[in-house]
Amino acid sequence: MEIESILKVTNLSVVLDNQSIIENLSFEVKRGDALTILGPNGAGKSVLLRTLLGLIPHGGEIEWAKAIKIGYVPQRLPFIKDIPLSIKDFFNLKGAPEKEIEAILNSVGFTEDFSRKKIGDLSSGQFQRVLIAWGLVGNPQVLLFDEPMTGVDISAEETIYNLLAKLKEEMDLTILLVTHDLSVVYKFSTNVICLNRQPICYGPPQEVLTPESLQKLYGGGIRYYQHKH
Amino acid sequence: MDTQFLLSLVVGISVGGVAGFLGSLMLGRRMALVAGPLGHLTLPGIALAVMYGFDVSLGAFPFVILGIVLIWLFEMRTKLPMEALTAIVFASGVAIAFLLLPIKQAEAALVGDITKVSFAEAAVSVILILLLFSVVKKIYSKIVLINISEELAKSEKIGIRKYNLIYLGSIAIIVALGVKMVGGLLTAALVAIPASSARNLSRNLAQYAFGAMIIGIISSSMGILLYKITGFPAGPLIILANASIFLISLIFKR
């Protein structure tokens, strides 16, 4: 039996302020896939996620499977510390019922009374996990995760990807993940899109991440190594 | 206790409380100072009201609405920060005001006067305030999410333009009511200070929002009581009471 298609993107292009951000991108995501979007800063990775969410006008076609529920984890929320907000408050903004909040917080590794903690008091790793939990409210089938470039230290980042892998398994999630970290791509994804405004490669990482494609993606000077796991 | 004093107190408490409540949203978007220029823009309207002898809030209101509509249009058409837009719109307002305002009658316009508020005026103010409170309470969590991230709000299918318009309309009403109480120059303080104090003291959203409201109520009552005792104008006293609470909140900052 063929695996159900969750998302089909055909000839996607995005122009912002008369500048072409994404050109001619096509790909497909099947149920249970983990697709990483890899590329240097300013390559259009975050724009791609936001376009898929319908937040940005675009050319080409984006077809989501019918009645699909999408959770979104943004890269960062710089203004969230401007007002006193407990974790519970943050979840209430999404209208999440009390029980669900507790269950989701548990699943990302927090204990019972954690929800009373103030967002401003969290470490960056804890905050990242709260954001993931927030994205999981309402039991989405797909999670769009925009990796933070700064603010999460290596050890926390390590656990974030372990956590995502665990959640993917437990909740039968399909994940689209923006990253600039090669090791994450190898460990985590079934498919990778290399994006630098134009699509540079697309396919299983072991097959398409060649020294040539990486050279093309990042320009000269990248140190190439393949992880063996 | 005389009726006039009671009326002032009722208006003061209701306007001060809801100004604090709404201010807690404005602080979140770094918009608290928008109320300042908005207050300034009301000065031509207040000038007209003083010259022709009608209600100050009534004179102020069309001017605030004009300002709000301009901000809203500008924000949609340009991507300039809200503060820059308000500066452009409202500096012009103040300039016009100083051409119109009869200097001798300026005090009521500049620092407000609710000590002569009539029963009808008080009734209208309180009804408006109650309506405003229910509207702000309804949009509160949506605006908080928009303040945190418009993108996140959009991904939750929140109609940002609609909520922004309601939000700005609420600001317009509170400013129009606020100028009667503390004048065109001090309105910003009525929304900004209670929220700032509450932020220092609270650990969650409910404490913050309702804390700002309670602080608004307490400082308005204190200001009006102090007016009764000292005879100084109530508007500045309300603001000073607010500022004192803010200073105290710094000591207990959490």
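## Crossing of two helices in chain B

A crossing of two helices is left-handed if the near helix is turned anticlockwise from the far one by less than a right angle, and right-handed if clockwise. In this predicted model, helix α7 of chain B and helix α9 of chain B make a left-handed crossing. Helix α7(B) covers residues 119-148 and helix α9(B) covers residues 160-182, and their axes, which cross at roughly 145 degrees, come within 9 Å.

On the side of α7(B), the residues that meet α9(B) include B:L128, B:I129, B:L132, B:V135, B:V136 and B:I139, while the partners contributed by α9(B) include B:Y163, B:I166, B:Y167, B:I173 and B:I174. An α-helix has 3.6 residues a turn, so residues three or four places apart point the same way.

## A covered helix in chain B

Helix α3 of chain B, which runs over residues 43-52, is mostly covered, with seven of its ten residues buried. The buried residues are B:L43, B:P44, B:G45, B:I46, B:A47, B:A49 and B:V50. After α3(B) comes B:G53, a residue with a positive phi near 70 degrees.

## Antiparallel strands in chain A

Strand β1 of chain A (residues 5-16) runs antiparallel to strand β2 of chain A (residues 19-30), and the two are joined by eight bridges; within this pairing, A:S5 stands opposite A:K30. The hairpin that β1(A) and β2(A) form has two residues between the strands, and A:D17 takes a positive phi near 50 degrees there.

Strand β1(A) is also joined, again in the antiparallel sense, to strand β4 of chain A (residues 59-64) through five bridges.

## The six-stranded sheet of chain A

Chain A also holds an open sheet of six strands with mixed pairing, in the order β5-β6-β7-β3-β8-β9. Its edge strands are β5 (70-73) and β9 (198-203), each of which pairs on one side only, and neighbouring strands of the sheet are turned by 15 degrees against each other on average, direction ignored.

Within this order, strand β3(A) (residues 34-38) and strand β7(A) (residues 174-179) pair in the parallel sense over five bridges, and A:L38 stands opposite A:T179 in β7(A). Helix α8 of chain A (residues 211-218) packs on the sheet, where it touches β8 (191-196) and β9, and the direction of α8(A) makes about 150 degrees with that of β9(A).

Note on methods
Residues are numbered from 1 along each chain as its sequence is written. Chains are lettered from A and ligands numbered from 1 in the order in which they are written. This is a predicted model: local features need pLDDT of at least 70, side-chain atom pairs count only at pLDDT 80 or more; totals for chains, interfaces and linings use all residues. Two strands pair if DSSP finds at least two bridges between them. Helices (H or I, at least four residues) and strands (E, at least two) are DSSP runs, numbered from the N terminus. A residue is buried if 20 or more other C-beta atoms lie within 10 Å of its own, exposed if 12 or fewer, and partly exposed in between; C-beta atoms are placed from the backbone. Axes are lines fitted to C-alpha atoms, for helices over the stretch in contact, and angles run from 0 to 180 degrees between N-to-C directions. Two residues are in contact if their C-beta atoms, placed from the backbone, lie within 7 Å.
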